[in-house]
Amino acid sequence: MRIIKMFRTCNLMIKKLSVCAVVLGTLSPVAASTNEPVNISVKLAAPTWEFLLQNMPSGETQAQLEASESSFARQLQPLLAAQNHQAIMEAFSRRNIENDSAALRQLRGQVLISLKQYSEAEVALKSALTLMPDLALAHRSLSMVYMIKKDFPNARTHLQKSIELGVADAQVYGQLGFVNLQLEQGASAIAGYQYALFLDPDNTQWKHGLLYALINAQAFSQAQALLEGMLITTPNNADLWLQRGQIALRQGHSLQAISSLESALLLNKANGVTNDADNIISLAQLHIQNGSAERSVELLDDNLSLFITKKSGQGNSGKRFEAEAIDQICQWLAFNQRWQPLEQILEALAPYRKHTSSYFTSRFDVYRSKLALQKGNSKAAEKSLISSIKADPTNGEALITLAKLMHSKKRSVQAIQYYTRAQALDTFKERALLGRAQLEIDRQQYVEALGLLRQVIQLNPARQDVLANIQSLSNLVRNES
């Protein structure tokens, strides 16, 4: 009687241990609860910066034509008026730049910029500066060349020189703000854009630049204030709503982020603009975090086609379904037993199976098996798990789940086979050993169970619960002998 009582106690403890291990094994870096933070971000389109090259300087040193160049200058006048830059360059090509004045070298450089021949423009403008180092317009033009070539340190040098030489308009300060933004000089970028706006308060580009600079400098309160003013003027600008969502996320204001991203999504849809897949995922994750799994699934269901991309090197026929973020959401739904939204998204995913990698196909089949088990349909669960393992033989979750299912159906030989396969996977070895130990206890094979539990302790010496079970099981074996 004592032996029977001890056996029941030990069996209960092992069952408790096994269940605990399975639950712990399913946890992942994806939020296991709505309160655990997930790394969510908003993807913003790269801004389009348009800079003007002022050709009418005032107050700074200007180059003068040589007397011998007057005739050539007159030939260029109608071409300049017609902005026929190609014809102007043909005229310049018949002249040796070394014989030209700084004025003509500067003009040559500006025309080359207009023709997008930036390397040639750089040479011409540098040549002008060798004759007149304080030629402000040449410095300004050269800064434009370096901005286009993304040589921001040199662009900043020539912009600063332009300011030193008396150029103090909104364009040059805005350009300097842009360059400092690219060089991650947040405070300097902010100052540049603020001064540009002081001189040109209605310039939308400088407002956008200042907004980016404030966000990058983590001056979120200032960025928020600026953004709200911009939204009053242009409430239908989806990019501004995305930026509002980004600021809200950086401040931890998830509900404001949700409302902002929802507004951006609706505006893009109304304007026939395709929403970015990353932003759809971010919004879905935010809804998950804030308890609205149904809206999260609705978003994914309506936009799954956005997650199809072309496989590199396979032309138009090769496609791939980008499933990682959707997998994370499915994992959260399964862990939190949100079966109805999980079923909805799995049904929506079905048409994309042929484009999904074997790894994610396998994982989605595991979720289908969990859904089937919840409905009491073990036959469908078994079919999904076998399909999962076929797609990815190293899916330890599928192996262990199928082993447990075989165990529950008293198909011990098959259960041991699947546990053994899972045991070969480092991240699933402990769970597989515990599952096998429980199976051996249920079969009253206590010596085998002891050996398996001792392997668990070798893997994880801190498992005091397993040590207690080993002690109880060892006592049982001794009493039986």
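Student: At what angle do helix α12 and helix α13 pack, and how far apart are their axes?
Tutor: Helix α12 (residues 238-250) and helix α13 (residues 254-270) pack at about 160°, and their axes are 8 Å apart. The axes are lines fitted to C-alpha atoms, for helices over the stretch in contact, and angles run from 0 to 180 degrees between N-to-C directions. Helices (H or I, at least four residues) and strands (E, at least two) are DSSP runs, numbered from the N terminus. Bear in mind that this is a predicted model, where local features need pLDDT of at least 70, side-chain atom pairs count only at pLDDT 80 or more, and totals for chains, interfaces and linings use all residues. Residues are numbered from 1 along each chain as its sequence is written, and side-chain values use heavy atoms, with hydrogens and water left out.

Student: Why are α12 and α13 called roughly antiparallel?
Tutor: Angles under 35 degrees count as roughly parallel, over 145 as roughly antiparallel, 65 to 115 as roughly perpendicular and the rest as oblique. The angle here is about 160°, so α12 and α13 are roughly antiparallel to each other. Their crossing is left-handed, a term used if the near helix is turned anticlockwise from the far one by less than a right angle (right-handed if clockwise).

Student: Which residues of α12 and α13 meet?
Tutor: From α12, the residues include Trp241, Leu242 and Arg244, and from α13 they include Leu261, Ala264 and Leu267. Contact means heavy atoms within 4.5 Å. The contact of α12 with α13 comprises nine nonpolar, six polar and one charged residue. Ala, Val, Leu, Ile, Met, Phe, Trp, Tyr, Cys and Pro count as nonpolar, Asp, Glu, Lys and Arg as charged, and the others, Gly among them, as polar.

Student: What makes serine 474 buried?
Tutor: Buried means under 20% relative accessible area, exposed over 50%, partly exposed in between (1.4 Å probe, protein chains only). Serine 474 has 10% relative accessibility, so it counts as buried. This residue lies in helix α24 (residues 464-480) and, leaving aside neighbours within four places in sequence, is in contact with Leu450 and Arg454.

Student: And why is threonine 204 called partly exposed?
Tutor: Its relative accessibility is 48%, so threonine 204 falls in the partly exposed class. Threonine 204 is placed in helix α10.

Student: How do you know whether lysine 410 is buried or exposed?
Tutor: Lysine 410 has a relative accessible area of 73%, so it is exposed. Lysine 410 sits in the loop between α20 (396-408) and α21 (412-423), and has a positive phi of about 60° although it is not a glycine. Glutamine 218, in the loop between α10 (204-216) and α11 (220-233), likewise has a positive phi, near 60°. Glutamine 218 is exposed at 53% relative accessible area.

Student: What is the pLDDT over residues 1-38?
Tutor: pLDDT, the predictor's confidence in each residue, runs from 0 to 100. Over residues 1-38 pLDDT stays under 50, and over residues 55-59 it also stays under 50. Where pLDDT is low, the predicted coordinates should not be read in detail. The protein averages a pLDDT of 84, and 85% of the residues score at least 70.
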